[in-house]
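Welcome, and thanks for taking a look at this model with us.

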Amino acid sequence: MRILQTFLFLVITVSTWAGEIIVREGESLHDALRTAREWRRTGDVRCQDGITIIVKAGRYYMNEPLFIRPEDSGTKESPLVIKSEGGAVICGDPRQQHTQIWPQEGMERMIAFDTETRTITIPTLPDSVLKMENLEMVVHQRWAIAILRVKAFHVRGDYVAVTFQEPESRLEFEHPWPQPVIGGEKGNSSFLLRTTEQRDGIEQLVIVDGANYVNFEGITFENTCWNRPLHKGHVTLQGGFPLVDAYKLKEKEGLPWDAGLENQAWIERPVSAVSIRNAQHVDFKNCLFQHLGATALDYVDNISDCTVSACSFEDIGGTAIMGGSFAESPREVHRPYTDLAERCQRLTIDKNLIRGISIEDWGAVAISLGYVRDCTVSNNWLDKMNYSGICVGWGWTPHDTGMLNNQIINNKVSDYARQLYDAGGIYTLSNQPGSCITGNDISAPAVAPYATNNRGFCIYLDARTDGFTIENNETEGRPIRRDEIGDNHPGPNIIFKQ
């Protein structure tokens, strides 16, 4: 009997020392992470085979993000795992709500867009609308939207000239591209007026900065806000990236690497619910991201060998998965940088369901990779997007930037370009030698009701795309032909195989 008791004691001791930290609803994830950190710091035996923070079923509200630091790093042999058991939800505040005021449904065509007076002229409005405060105008701009806080209405007979608050007024009217279209291929750009619940809320749930070998398994990330439009409006360059400064070159247009370049732009990165930087082997598996105000998951900078697999993204205000640099400020975005692609390597995005994207910012996309190399986007199903689906590349340049060997393979892309055109189910930019677009099933673009051009394609080789082999892609049950692929000055090294 004494031998049996000793054996049972050893079993219990081993189980206790197996590196598990259990968190229950009402308890603190921050405290659990601190416990794991102290085990690492003191060389506790429980770290030997890894530490697993088991998060029991329940909702864990984040007053501040869970910040995973270098001191929290695991190793290949001893990772840090944060794992749901029974349905754990890491959550913030529900998104701000909007009430559309005019028109009652859909959008209305604008009459004029004046860069000199910085006004947008629209049809006359009901008196009840003219008297309202805290209104936003959402403006359709080809491949982007702008959200402009209304400053004043100026009634001029049957028309109303609208002025806007700063800084968005300056950014909207000084930057030439994109701007609303007046006339042109499919008529004038459109707009709507709405009110927004005026409050800030939790934007970020988890920040991983400098930590390696961290795995998230089965966690739900839910409910975040997007506060920027409440304070600064939202004027973008492309892909949901807000401008912080921008203007048109008025004298001696062009620069040494692009003689026709007319616009200068500095951007910032959209906020994300979960962000990773300065990290290796930070993986997400079987996680759910839903009801998030801006970007859901962002591999920001200096990352390698990370994987997002078998996750679901639903009802996302901005982009679902973002990775790599987009030459954010202080850099000007149109220069051919050569040091950025190596800062996002070997990111794998595989077997994910991404559905209901770009709800708040129509110009955001499902998967957005900037300056990256040796990255793989494979076997994902993307559905219901207001702009493009899978976007890889940045820079608008034919020059060598270090982007290479990016693989877009066996994805299903459906119901995209629901609101904006100049779009692609798969969309690429710049020179990326050794890259491929292979085996994808891409629907035809949706019939966007307010598009001002017809530039919607299953595959869109935009601005100096080069270095891709394109083969065995289908649409509507048949192969995609070369003449159906959108071109915007592609390079000479595109290989197309039927």
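## A buried phenylalanine

Let us start with Phe-221, which counts as buried because its relative accessibility is 0% (buried means under 20% relative accessible area, exposed over 50% and partly exposed in between, with a 1.4 Å probe and protein chains only). Phe-221 sits in strand S15, residues 220-222; helices (H or I, at least four residues) and strands (E, at least two) are DSSP runs numbered from the N terminus. Leaving aside residues up to four places away in sequence, Phe-221 touches Ile-90, Leu-205, Val-206, Phe-216, Val-274, Phe-284, Cys-287, Leu-288, Phe-289, Gln-290 and Leu-292, where contact means heavy atoms within 4.5 Å. Met-322 is 101 residues from Phe-221 along the chain, and their C-alpha atoms are separated by 16 Å.

A word on the ground rules: this is a predicted model, in which local features need pLDDT of at least 70 and side-chain atom pairs count only at pLDDT 80 or more, while totals for chains, interfaces and linings use all residues. Residues are numbered from 1 along each chain as its sequence is written, and side-chain values use heavy atoms, with hydrogens and water left out.

## Arg-269 and its partners

Met-322 comes up again here, as one of the residues that Arg-269 touches. Arg-269 lies in the loop between strand S18 (263-267) and strand S19 (272-280). Is Arg-269 buried or exposed? At 15% relative accessibility, Arg-269 counts as buried.

The side chains of Arg-269 and Glu-328 are joined by a polar contact of 2.3 Å (a pair of N or O atoms within 3.5 Å; within protein, one must be able to donate a hydrogen and the other to accept it, and residues adjacent in sequence count only if both atoms are side-chain atoms). A polar atom of the Arg-269 side chain also lies 2.8 Å from the backbone oxygen of Gly-324. Beyond residues up to four places away in sequence, the contacts of Arg-269 include Phe-241, Asp-298, Tyr-299 and Val-300.

## Cysteines without partners

How many disulfides does a search of the whole structure find? The search finds zero, with a disulfide taken as a pair of cysteine sulfur atoms within 2.5 Å. The sulfur of Cys-91 is too far for a bond, because the closest cysteine sulfur, in Cys-225, is 12 Å away. Cys-91 counts as buried, at 4% relative accessibility.

Cys-375 is in no disulfide either, and its nearest cysteine sulfur, that of Cys-344, is 4.5 Å away. Cys-375 is buried too, with a relative accessible area of 1%.

The structure holds four cavities of 30 Å³ or more. On a 1 Å grid over the protein atoms alone, a cavity is a set of points where a 1.4 Å probe fits but cannot get out, a pocket is an open set with protein on both sides within 12 Å along at least five of seven lines, and lining residues have an atom within 4 Å of a point. Grid points are joined across faces, edges and corners, and a volume is the space filled by probe spheres set on the points. The largest cavity has a volume of about 100 Å³, and its lining includes Glu-136, His-98, Ile-147, Arg-194, Thr-196 and Pro-229. Strand S12 (190-196) and helix H5 (228-232) are the elements that give two or more residues to this lining. By class, the lining has four nonpolar, four polar and four charged residues (Ala, Val, Leu, Ile, Met, Phe, Trp, Tyr, Cys and Pro count as nonpolar, Asp, Glu, Lys and Arg as charged, and the others, Gly among them, as polar).

Glu-136 belongs to strand S9, residues 135-141, and is buried, with a relative accessible area of 3%. Its side chain makes a polar contact of 2.8 Å with the side chain of Thr-196. Glu-136 also touches His-98, Ile-147, Arg-194 and Pro-229, among others.

## The largest pocket

The largest pocket has a volume of about 640 Å³. Of its 24 lining residues, Trp-177, Asp-258, Trp-396, Ala-463 and Asn-488 are the closest to its centre. Strand S35 (residues 456-471) provides the largest share of the lining, three residues. By class, there are 10 nonpolar, nine polar and five charged residues in this lining.
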